[in-house]
Amino acid sequence: MTPTPVATGPLAIQLDHVSRHYTLGATAIRAVDDVSFSIVGGEFVALLGSSGSGKSTLLNLMAGLDRPTSGAIHAGSRNLAELSSLELARYRRNTVGMVFQSFNLLPRMTLQENVELPLRLAEVDRDERATRVAEALQRVKLDKRTAHRPSELSGGEQQRTAIARALVNRPKILFADEPTGNLDSATGESILNLLIEIKETLGMTIIMVTHERHLAERFATRLAIMGDGKLLSDGAMPRGNQ
Amino acid sequence: MKLRDMTELAVRNLRESILRNSLTTLGVAVGVASLVAMLSLGVGLQQLASSRLTKSGLFDSVFVTPKLNMRGGPPSMASQQGETRLLDEDARQEISKLPNVIEVFPQVRFFSEVRFNDKPFATMVAGMPQSAKASGAFDGMQGNFFSGESADEAILQIDFAKELSTDTASLVGKTLSIRYAERHQLEDGSGGFSIVPKEKELHIIGVVETEPAAGFGGYGNGRLLIPLGAALSLRATQVNDLRDAVRGGPAKPTFASLTVRAKSPSNVDAIEVAVKKMGFGAFSLLDASKSLRIFFSVFDLLLGIFGSLALAVATLGIVNTLVMAILERRREIGVLKALGAADSDVKRLFFIEAGVMGLMGGFGGVLFGWLIGRTLTLATNIYLKRQQLPSVEISSVPWWLVLGAISFAVLVSLIAGLYPASRAAKLNPVEALRYE
């Protein structure tokens, strides 16, 4: 596939012949194999594929959690493949937000403290932290539950908290790895509606890994399908979920 | 992440596994307590020995004799050659003007026959300056110290007192007489003198274990102590009188030796040098004091090493606790990294957790160690009281030990945290997030 964006506009991220290989015992695994494509700012890209297709590995590479074995990942002026671990940490802290299938909230912290964590890492002043946490929780309609712990919330509420945590540092790109995987269909839809709302309001780029094609088709602006580590197809939704 | 936020997070993490972390901290506290208790004993015993020796007057004194010592004396004096100066009142005044000199007093010792209950007892009489009261030798004495510099009073050394009476306490308040040889200068200018037997009555006012700085100068222990002023006024014949007679001429009386008391043992060396430059023989026990300090330094070092063993074991507890914490918090570390925590942030977080355990353990350990020292002192004093001996302080926890022990505990804990912190920092975030 050529690195040609489906939409037009400034590039949010560009992958150029990216591979991620690793060995498991004596077996060499090509989790991502020579993938090239570009994402324009403001897109909602759904990475689809069966289990083991390499979509989560690709997401981790784009989110700066992992490094490619070869190839280049350009985010703005940076090539993530060449960044030091400290620069990658800064990229994760300031440029991207992440939402996981299993929420990954810290169980002993309250909602407020969980959402505040990225701001602490970014060394934001205490006063501003309080304001931004309140804003983020209000955006996901959990501003009345700030003192609760994750265990006191439903799955949907936990995922909304995770979204608030991902948004609080005002990232340019939101990565979501199976955000509806642990939720019932109604709650899953409400979470995706929330993501759409955020994308519209904040002009954010969203890259979501999912295996639920019907949700991807309904909410994403673009579908990229992976199989065996390769990008099998990539294209805008026929009707467009603009 | 800012240090304050990091510390808050670390303390929160420690509170979450409070039992395990408390036990680890207790381990550090026990290690520090062992170290502090050992060193407090070393310091306490050193202070006890130093104060006893300082009070004894041996280590803050310089003993001055004429340069050519007919009697022999210590080798350091016997070998000294050069111009001979008289050790008389002028010399005493001159020496007393040297810097850091508190007082200069002559050693007055003479043979005497004591009469008590009409029985004769031959013994050595020694003059004691009033400053000798500060000597530890008079602590816990029966009766009192001299009321004045020239009082007609006597303090008996206990062995001598036992010769006079089996009930030594009953001697206090009684009277004895001493017979001695008084020196009468001949008026023919020859420098010769005649010896006249004299007798003087003295009130027994106390009984003491031993004479302070006894035997220094080789005149033998004084078994009957009288005020120095009174001893000088007796003009009793002493060993050096023979030398004065041989020297001839209308000389002033000289002293067999002088004792120079310095403000502190650190001044002794300079005074000794100055006195030697003035043309006298001088000798001090400073070298012995240095040896004592070396001995206690080695003693403290050994105690410190033994005390540190427990702390070394405690550090293994910290390593274990933190490694366990990494396993339990693997996913949390992954989340922190996904949210933008750098490897150094994760490392610092575990370092601070180790440091906080070390700090808390250090504080607790100092308190435990101090309590152990107090308990040992209390037990020792109960034993000493039963033996009718004065109480002592055998342990001491000075500020340097408090601060040193806490700092050492934190340092050791940080070293213990090195491996776990480094291991946590190196965790791959993708693998950590996958961890269940």
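In this predicted model, the contact between the chains draws on 19 residues from chain A and 16 residues from chain B. On the side of chain A that touches chain B, two elements each give two or more residues: helix 2 (85-94) and helix 3 (111-121) of chain A. Helix 2 of chain A provides the largest share of that side, with five residues. Sorted by class, the side of chain A that touches chain B looks like this:

| Class | Residues on the side of chain A that touches chain B |
|---|---|
| Nonpolar | ten residues |
| Polar | three residues |

Leu223(A) sits in strand 9 of chain A, which covers residues 222-227. Is Leu223(A) buried or exposed? Leu223(A) counts as buried because 20 C-beta neighbours lie inside 10 Å, and the cut-off for a buried residue is 20 or more.

Which residues does Leu223(A) touch, once its neighbours within four places in sequence are left aside? Its contacts are Ala46(A), Leu48(A), Ala216(A), Glu217(A), Gly235(A) and Met237(A). For Met237(A), the separation from Leu223(A) is 14 residues in sequence, while the C-alpha to C-alpha distance is 6.7 Å.

Now for chain B as a whole. Its secondary structure consists of 13 helices and eleven strands. Chain B has 436 residues, and 42% of them are buried. Taking the contacts in chain B between residues at least 6 apart in sequence, 81% link residues at least 24 apart.

Definitions and conventions:
Residues numbered from 1 in each chain as written. Chains lettered and ligands numbered in written order. Predicted model: local features only at pLDDT ≥ 70, side-chain atom pairs only at ≥ 80, totals over all residues. Contact = placed C-beta atoms within 7 Å. Helix = DSSP H or I, 4+ residues; strand = E, 2+ residues; numbered from the N terminus. Nonpolar A, V, L, I, M, F, W, Y, C, P; charged D, E, K, R; others polar. Buried ≥ 20, exposed ≤ 12 C-beta atoms within 10 Å, placed from the backbone.
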